[in-house]
Amino acid sequence: MDKMIILGLALPLLGTVIGSAFVFFLRGGISPRLQKTLLGFASGVMVAAAVWSLLIPSIEMSADMGRWAVVPSATGFLLGIGFLLGLDMLTPHLHLTGQREGPRSKLSRTAMLSLAVTIHNLPEGMAVGVVLAGVADGSTDITMASALAVALGIAVQNVPEGAIVSMPMRAEGNSRTRSFAYGALSGVVEPLGALLVLLLATWVTPLLPYMLAFAAGAMLYVVVEELIPEASEPPHSNTSTLGFAVGFAAMMVLDVVLG
């Protein structure tokens, strides 16, 4: 069990590292069409994970509340949205397209871009930690296979995210090694956040339905606020929609088959 938990914690970071390493192999950067496809794919993976691996188990864990079983899930979901909204408002960062947001700051463009990726990775790490906590608790229907499906799905979506970050940083004049390092290090927040939530959740089992939904809300905030708008940037392309469909279907299959 311990080895499987370590694997679950490490998988998302591995995805970010692999994606960041693209900076050593791609010289001309990522084409706009490919970038839109990858953003759409990442969106599909995160939406499917939020629904099948987080919200549905959250509701099922509160089944003894009858018609009110949805209350913990709805509450946790809205808290997750509010948490990321507050983080966005208080923290200066750049969107992946380069648009500045948040309070004025003297941080460099590179530092702000790295901060944006860290914000993206936070809810993903939380999601992994929560599902692993559900497995460790033993009183939920969440299996280790299902938890690993979430970790694997997030790792898959982290590959294009890592490339989308490291490549623009290289285009800004940073060395390949530095661009890779910033991209890879931005993923460290995922296993750290997951471990923190995992340790916390094992002591507060009654909060698991809220925490699952909280992670789902945070993930969907990233999708709606960041990924989908950037995938829809002009010139419009249907490739982002196709990427979303493939990512959603892939994560849905992973969760159902492995769960």
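Let me start with leucine 195. At 36% relative accessibility, this residue counts as partly exposed, because that class sits between 20% and 50%. Keep in mind that this is a predicted model. Leucine 195 belongs to helix α7. Now look at isoleucine 6. In sequence, it is 189 residues away from leucine 195. In space, the two C-alpha atoms are 9.5 Å apart.

Next, a helix pair. Helix α1 covers residues 2-20, and helix α6 covers residues 176-185. Their axes lie 8 Å apart, and the packing angle is about 160°. So α1 runs roughly antiparallel to α6, since the cut-off for that label is over 145 degrees. The crossing of α1 past α6 is right-handed. Which residues make the contact? From α1, they are Leu13, Thr16, Val17 and Ser20. From α6, they are Phe180, Gly183 and Ala184. By class, that contact has four nonpolar residues, three polar ones and no charged ones.

On to the core. The largest nonpolar core holds 54 residues. Leu54, Leu132, Met144, Met219 and Leu227 have the most contacts inside it. Which elements give two or more residues to this core? They are α1, α2 (32-61), α4 (109-137), α5 (144-171), α7 (189-201) and α8 (208-231). The top contributor is α8, with 15 residues.

Last, zoom in on leucine 54. Leave out residues up to four places away in sequence. Leucine 54 then touches Ala49, Ala127, Val131, Leu212, Ala215, Ala216 and Met219. Of these, Met219 is also one of the residues with the most contacts inside the core.

Methods: Residues are numbered from 1 along each chain as its sequence is written. This is a predicted model: local features need pLDDT of at least 70, side-chain atom pairs count only at pLDDT 80 or more; totals for chains, interfaces and linings use all residues. Side-chain values use heavy atoms; hydrogens and water are left out. Axes are lines fitted to C-alpha atoms, for helices over the stretch in contact, and angles run from 0 to 180 degrees between N-to-C directions. Helices (H or I, at least four residues) and strands (E, at least two) are DSSP runs, numbered from the N terminus. Angles under 35 degrees count as roughly parallel, over 145 as roughly antiparallel, 65 to 115 as roughly perpendicular and the rest as oblique. A crossing is left-handed if the near helix is turned anticlockwise from the far one by less than a right angle, and right-handed if clockwise. Contact means heavy atoms within 4.5 Å. Ala, Val, Leu, Ile, Met, Phe, Trp, Tyr, Cys and Pro count as nonpolar, Asp, Glu, Lys and Arg as charged, and the others, Gly among them, as polar. A nonpolar core is a set of buried Ala, Val, Leu, Ile, Met, Phe, Trp, Tyr and Cys residues joined through side-chain atoms within 4.5 Å. Buried means under 20% relative accessible area, exposed over 50%, partly exposed in between (1.4 Å probe, protein chains only).
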